[in-house]
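Trainee: Could you walk me through one part of this model up close, the strand pairing and whatever sits around it? Take your time and give me the cut-offs as they come up.

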Amino acid sequence: MMSPENPNLAPPKSDPFTPEALAEYDGRGDKIYVAIKGTVFDVSAKGEMYGPGKSYNIFAGKGLHYL
């Protein structure tokens, strides 16, 4: 059975992001965010997947409203 790597995660925030603000977190800085159906996820801990030049970087800093 899968379990979270860190069970002490902070609760989700309800701060809205504009597409322009979300685009700033595309992996070129310290934080990497991805939005799926309006929920923003901090995927910074998976820089080996979402960082610049990595396979999932195309999603970094973007809202994936079609999923």
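Mentor: Let's begin with pLDDT, which is the predictor's confidence in each residue, on a scale from 0 to 100. You need that because this is a predicted model: local features need pLDDT of at least 70, side-chain atom pairs count only at pLDDT 80 or more, and totals for chains, interfaces and linings use all residues. Residues are numbered from 1 along each chain as its sequence is written, and side-chain values use heavy atoms, with hydrogens and water left out. The protein averages a pLDDT of 85, and 82% of the residues score at least 70.

Next, the parts list. Helices (H or I, at least four residues) and strands (E, at least two) are DSSP runs, numbered from the N terminus. There are two helices and three strands here, and from the N terminus on they run α-β-β-α-β. Confidence is highest in helix α2 (residues 47-50), at a mean of 95, and lowest in strand β3 (residues 63-64), at 86.

Now for the sheet itself. Two strands pair if DSSP finds at least two bridges between them. By that rule the three strands make an open sheet in the order β2-β1-β3, and the pairing is mixed. β2 and β3 stand at the edges with a single partner strand each, so one side of each has no neighbour in the sheet.

Let's take the β1 and β2 pairing. It is antiparallel and spans four bridges. A35 has V40 in β2 as its bridge partner, and V34 stands opposite F41 in β2. The two strands form a hairpin with two residues between them, and K37 takes a positive phi near 50° there. Most residues other than glycine have a negative phi. K37 belongs to the loop between β1 and β2, and at a relative accessible area of 60% the residue is exposed. On that scale, buried means under 20% relative accessible area, exposed over 50%, and partly exposed in between (1.4 Å probe, protein chains only).

On the β3 side, β1 and β3 pair in the parallel sense over two bridges. In that pairing, I36 stands opposite L64 in β3.

Side chains of opposite charge can pair when their charged atoms come close. A salt bridge here is a side-chain nitrogen of Lys or Arg within 4 Å of a carboxyl oxygen of Asp or Glu, and a search of the whole structure finds two. One of them joins the side chains of D42 and K31, at 3.3 Å from N to O. This pair links distant parts of the chain, eleven residues apart: D42 is in strand β2 (residues 39-42), and K31 is in the loop between α1 (19-23) and β1 (33-36). D42 is partly exposed at 43% relative accessible area, and K31 is partly exposed too, at 37%. The other salt bridge is between R28 and D26, at 2.7 Å from N to O. R28 counts as exposed at 72% relative accessibility, whereas D26 counts as buried at 17%.

Then there are the rings. Rings of Phe, Tyr and Trp (its six-membered ring) pair if their centres lie within 6.5 Å; planes under 30 degrees apart count as stacked, over 60 as edge-to-face and the rest as tilted. That rule gives five aromatic pairs. One of them is Y50 with Y56: the centres are 5.6 Å apart and the planes sit at 35°, so this pair is tilted. Y50 is buried, at 17%, while Y56 is partly exposed, at 37%. F17, Y25 and Y33 form one aromatic cluster.

Finally, let's step back to the whole chain. Contact means heavy atoms within 4.5 Å. Among contacts between residues at least 6 apart in sequence, 44% join residues at least 24 apart. Of the 67 residues, 19% count as buried. The accessible surface comes to about 5500 Å², with 57% of that belonging to carbon and sulfur atoms. Accessible areas come from the Shrake-Rupley method with a 1.4 Å probe, and for residues only the protein chains shown count as cover.
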